[in-house]
Amino acid sequence: MSLTDLALRASYSRSYLSKLENRIALPNSGVARTLDRALGAEGLLMALAEPDLARKERRRRGQRAVTPFTLPAAPTAFHGRRAQLETIVTTLSGAGARDGTVPAIVVCGIAGIGKTALAVTAAHDLARRFPDGCLFVDLHGYTPERGAVIEEVLDDFLRLLGVDGDEIPAGAGPRVSLYRSILRDRQVLVVIDNACHSDQVRHLIPSGGGCAALVTSRDPLPSLNAAGTVRIGPLDEHAAVALLGSHPDDQQPALRRIAEICAGFPLALRIAAGLLAHHQVAPGRLLTELTVAGRPSEVLQDGERSIDSTLTVALSCLTPLQRTTLALVSLHPGPALTAEAVAWLAGRHAVPVEAVLAQLHGDGLLLTDASGGYTFHDLVRPHAVDLAHRELDEREREQALRRLVDGYVHAAHAASAALAPQRRRPDIDQRTPQHQVTFEDNQVAYAWCAREVAGIVALGALAHRQGWHTACWQLAYSMRDFYFLARALDPWTSSHRLAVEAAERDAYPWAYPATCNNLGLALVEQGDIKGGLDWYAIAMDAFTRLEDRVGQAVTLGHQAWAVYCLGRHRDGVLLGRRALKLYESTSDVRGRAITLRTLAVISAQLPDEDPVGMLTEALGLFDGLSLDAAMTLNCLGEVYRDQAGLLRAAHYFARAVRVARSCESGYEQARGLAGLASVARLAGHPDMAEALLLVAQNVDPQSRPQAKDGPRPPGARG
């Protein structure tokens, strides 16, 4: 009979029977009786065991108590985690002895995040509090091929506690009873590392009031009813850099960047520290290797440890919902995304998604930015992308991205309506998302756009690549109001260059000239006047073919401003008057007012014109349009300042600042403050002028160089 057959028949583990066979362990009477019955020995095995049992009894009477201490050595470099360390030490030092309960703490977090280092450090700090010893076991709970068998762990613990091998009973139940009986009147700390579920741990928790247990796991193990849970995430920059070791001051920038690439993962940092110290690699060289590598994790391995393998194991231990959510997050092309965006990707409401995102963030698999959006670190993103290709087929990935783009099209359209309610905008024919974003006012809409702008630009590029033409140009068109308000000229230009191509391919004829106009305006605001005029010419030609009078009038107004910027003031006036004439045949009051403002600014450079009258008329037409009103008030201030009407100029600049603040236009606020500074300087108050310029610069850094020289007011067009 093989040991495997005997183990099945006698209900003992094969390893335990092997110990008996080789006299590493001696049987007690219960073991002898069970094996005698399993082998059909009819009492012969019991008789053979009796001499060994007698010797065992003699040894038991003479043996003394054993004080085990099996903790691994404490980490030589331990940084950060001081608050968590204090929580563990305080909890496990104070409770238990008074009320007979055993305090237990679970340290949880993703693989490689430093759970074992924290637990071992805490256990060494606590050692004096437990004079009867410290027991340590690594359960290898997340590597099934190495996973510990509880019966064998108890066998080892009992031997360490002084129990002779032939006194150890068979089966988990009897061993647990003996284990707890021995520890009942002792003060022992039990450290259980790498537990994957509560059942693994529950049998190893002692019952004596003087004992305590410290458990590490990737999960908080809520059913264990521990005295506390300490969840740990990535190290902060200071602790991460310290973990890399001591280096000269001139190497600190490289070390900070290495720490950032390591994402605050202690395992990655320790590997990097080893490469720096033992392989004598300079920080600058290691940084170069990490930067040029396709995946930084390919460099972060030392033959024994690998952050790649650790993260692979960590992701394999996620629940199906967590894996799917992480895979969906990796599809987003932007730098960060919100719970609403994940809900669009997933096709369900955001409420259940938020809990999963919080779990992934707690594990260190997702980071959060200053606005609360979720993002990946460079170490984790490649694994999440791989996960997306394993968890989702190509059709599922495309459908998720389409839901995401549709969600942003609707949200950006709503933001545009809040920022510029009277602006001409197209109907949205994209599918309505299950979860829609609404905006209470223009300030909320502005804040949303500021947070989402980078992601929306990336999504526009994705829509362009996918051939989703309508979505591409509509995203750009809706964001144009924010771009103008925030003076976000680079994303304005890059998004509209793709949008022009998409609009030209779309079936909606108005989209192409409207997008050309917006691109032209972006280029003019950047100083590329000729480039802007080229796009205006294309837009004018298309609007003329469509017999779109409003479109033609808008384009003429844009052209008027562009030629004025080139110094062609008379041409600007002629184009502006042509635009006004077209507006008279339409109901577009705002367009007429914008053109009046443009004409006023241009005509201020010519004799025998009345810019104040035109600006005053435009201001009356902008009733309820705060941004347009602020721009017009600034124009009035500049006209009066140039005419030496300093008191009136100061009055209009101050009004412009107040109105601009109400509509979240930092640029127009700064412009008004800079105007007040120029008035103060002309009035002989240089100190006041400098103070106002500093305030303007704090509101919008772009304002200071413009304010010194008092150039043409930007943004007369809206």
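The legends below accompany several close-up views of a predicted model. In this predicted model, local features need pLDDT of at least 70 and side-chain atom pairs count only at pLDDT 80 or more, whereas totals for chains, interfaces and linings use all residues. Residues are numbered from 1 along each chain as its sequence is written, and side-chain values use heavy atoms, with hydrogens and water left out.

**View 1. Y12 and Y16 form a tilted pair of aromatic rings.** A pair of aromatic rings is described by the distance of the centres and the angle of the planes. Rings of Phe, Tyr and Trp (for Trp, its six-membered ring) pair if their centres lie within 6.5 Å, and planes under 30 degrees apart count as stacked, over 60 as edge-to-face and the rest as tilted. By this rule the model holds 14 aromatic pairs. In one of them, the ring centres of Y12 and Y16 are 5.5 Å apart and the planes stand at 50°, so the pair is tilted. Y12 is buried, with a relative accessible area of 10%, and Y16 is buried as well, at 4%; here buried means under 20% relative accessible area, exposed means over 50%, and partly exposed lies in between (1.4 Å probe, protein chains only).

**View 2. F439 and W448 meet edge-to-face.** The centres of these two rings, F439 and W448, are 5.5 Å apart and their planes stand at 65°, so the pair is edge-to-face. F439 counts as buried at 16% relative accessibility, and W448 counts as buried at 6%. Ring pairs also link F439 and W448 with W344 and Y408 into a cluster.

View 3. R159 is partly exposed at 26% relative accessibility, while D155 is buried at 2%.

View 4. R202 counts as partly exposed, with 33% relative accessibility.

**View 5. A salt bridge between R323 and E391 ties two helices together.** The side chains of R323 and E391 meet at 3.2 Å, N to O. R323 lies in helix α15 (residues 320-331) and E391 in helix α18 (residues 381-391), so the pair ties together parts that are 68 residues apart in sequence. R323 counts as buried at 18% relative accessibility, whereas E391 counts as partly exposed at 31%. Elsewhere, salt bridges that share partners join K19, D155 and R159 into one network.

**View 6. E394 is an exposed residue in helix α19.** The place of E394 is in helix α19 (residues 394-419), and E394 is exposed, with a relative accessible area of 60%.

Terms used:
Helices (H or I, at least four residues) and strands (E, at least two) are DSSP runs, numbered from the N terminus. A salt bridge is a side-chain nitrogen of Lys or Arg within 4 Å of a carboxyl oxygen of Asp or Glu.
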